[in-house]
Amino acid sequence: MSENEIKIEERNNQETEGKTSVLSNSLIWFGAGVSIAEILTGTYIASLGFGKGIAAIVLGHIIGGIMMFAAGMIGGRTGKSAMETVKMSFGENGGKFFSLLNILQLVGWTAIMIYDGSLSADAIFSTGSWIWAIVIGVLILVWILIGITNLGKINTIAMGALFILSIILFKVIFFGKGSASEIPSDGLTFGAAVELSVAMPLSWLPLISDYTREAEKPVKATAASVVTYNLVSIFMYIIGMGAVIYTGEYDIASIMVKAGLGIVGLIIIVFSTVTTTFLDAYSAGVSCVSVWKKINEKWAAIAVTIIGTVAACLFPMDDITNFLYLIGSVFAPMIAIQIADYFILKKPSFEGRFISLHNIIIWIMGFVAYRLLMKVDIIVGNTLPDMVITIIICVLWWLISQKLIKEKE
C-alpha cells in the first residue's frame, strides 16, 4: 500500500470513527417500535374491526413513515441534529422556539412511557408502581450513560430478546384459546384511526435526525431506521388491537398474566419501555443544546429522565389521545415547511439569522388548519391534508415574494 493510500485510509477511518452503522440505527429504531404505548394505542382502534383496523394502521404508518424519512434525510445530509435542522427554515430563535416545544413533548413522553411501563409491570409483579417507575428510570439512566455510539452489543442482545418475546405475545393473543368477538362501536371513525396511527411516527419527527446525523451511510441508515420502526410499530398496534378483539382485554399486562407469561411479560414491559424512552430522554438532551450551547446533552438527558420518573410516580397519565393530537398540530406543519424549503424550493438556509418571520406565520396557519381539520372526518386523517395545505402555502408565498422582488428590481 502506497503512502497516499495509507493517508486516505487513515482519513476515512477518522471520518467514520464514532459513526453509527445501518444495523445499529435499525436496532435503535426497532427498540423505539417495541413499545407499550404503541400496543395501548392499538387497543383504541379495535372497535373498527380487524380488517378496517389493519388498513387504518398501515395507511397511517405509511403517511408517518414518509414524513420520518424526509426529516431523517435532512439531518443525515447536513450532519445536524433535528432541532438544528429546524433553524435552517425558521432562523436561530425560531429554532429555539421549536426546541423548547420539543423538550416539553419529550419530557411528557418520558413521563408517560415510564408511567405506562410501571403500571403494566406492577400488574404482573405487584410491588408498587412507583418502585417499577424508579427501576425503569434507573435502567434508562444506564442506557444514557453508556451512550448512543456504545450501545451496539447491548442493543443487539436486548432487541433479539424483545423480538422473540414479542412473537410469543403475538402467538398467545392470535393463536390462543380466544376467538374474535364483535367490539361495540365507540364512535371512532376510520379517519380518526388513521390519525392515531400517524401520531406515533409523527412524534419521532423532531428526533430522528439526532440519530441519522451520526450515521456512516445517512441515506441507507435513514431508510433502514424508518422501515424498521414502522414495521415494528404496525406489529405492536396489531398486537394491541388483537388483544381487545380476541381476548376482550384492554390491559396488556392482564393478558400476559392470564397466559402465564409472568417473568417473560415483565421483561417485555420493562425493556421495551427502556429502549423507547431512552430515545426520548437522549433527544431532549440534544434539543437542550440547541437552546443553550453550554449544556451537556448527556446530563440534560439524565435530568429529563429524573423529572419524567418523578412525574410518573406522582401524576396519572392514562389517556394520551389529546397529547398525540397536540403533537400532530405542532410538528406536522413544522416538518411540512422544512420539506418545502429543503426538497422543493431548495431555499438558502436561515440558520444564523434572528428569525424567519414568514415561516413562523405559515406555521401558525398550519397549526390552526390542523385544529380545524380535527373537526372534519377525513379518510386519510388530519396530518396529510394539513401538510399538503402548509406546503402549498409555502410554495405560493415563495413564488409571490420572488415575483415582487423581481418587479422592484
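Predicted model: local features only at pLDDT ≥ 70, side-chain atom pairs only at ≥ 80, totals over all residues.
Me: What kind of aromatic pair do Phe 97 and Phe 98 form?
Reply: Edge-to-face. The centres of Phe 97 and Phe 98 are 5.1 Å apart, with 70° between the planes. Edge-to-face needs planes over 60 degrees apart, so this pair qualifies.

Me: How many aromatic pairs does the structure hold?
Reply: The structure holds 21 aromatic pairs. Another one to look at is Phe 278 with Tyr 282. The centres of Phe 278 and Tyr 282 lie 5.9 Å apart, and the planes make 35°.

Me: Which class is the Phe 278 and Tyr 282 pair?
Reply: Tilted. Stacked would need planes under 30 degrees apart and edge-to-face over 60, so 35° counts as tilted.

Me: Where do Phe 278 and Tyr 282 sit?
Reply: Both are in helix H12, residues 262-291. They are 4 residues apart, about one turn of the helix.

Me: Are Phe 278 and Tyr 282 buried or exposed?
Reply: Phe 278 is buried, with 2% relative accessibility. Tyr 282 is buried too, at 10%.

Me: Which residues form the aromatic cluster with Phe 278 and Tyr 282?
Reply: Trp 29, Trp 204, Tyr 211 and Tyr 229. Together with Phe 278 and Tyr 282 they form one aromatic cluster.

Me: New topic, cysteines. How many disulfides?
Reply: The count is 0 disulfides. A pair would need its sulfur atoms within 2.5 Å.

Me: Cys 288, buried or exposed?
Reply: Cys 288 is buried, with a relative accessible area of 8%.

Me: And what about Cys 313?
Reply: Cys 313 is partly exposed, at 31% relative accessibility. It falls between the 20% and 50% limits, which means neither buried nor exposed applies.

Me: Which elements give two or more residues to the lining of the second largest pocket?
Reply: Helix H3 (36-43) and helix H5 (82-124).

Me: What residues line the second largest pocket?
Reply: Among them are Leu 40, Thr 41, Thr 43 and Tyr 44. The lining also includes Asp 116, Leu 119 and Ser 120. Tyr 250, Asp 251, Asp 318 and Ile 320 belong to the lining as well.

Me: How do the lining residues divide?
Reply: The lining of the second largest pocket has 5 nonpolar, 3 polar and 3 charged residues.

Terms used
Residues numbered from 1 in each chain as written. Heavy atoms only, no water. Buried < 20%, exposed > 50% of the residue type's maximum accessible area, 1.4 Å probe, protein only. 1 Å grid on protein atoms, 1.4 Å probe; cavity = no way out; pocket = protein on both sides within 12 Å on 5 of 7 lines; lining within 4 Å. Nonpolar A, V, L, I, M, F, W, Y, C, P; charged D, E, K, R; others polar. Phe/Tyr/Trp six-rings, centres within 6.5 Å; stacked < 30°, edge-to-face > 60°.
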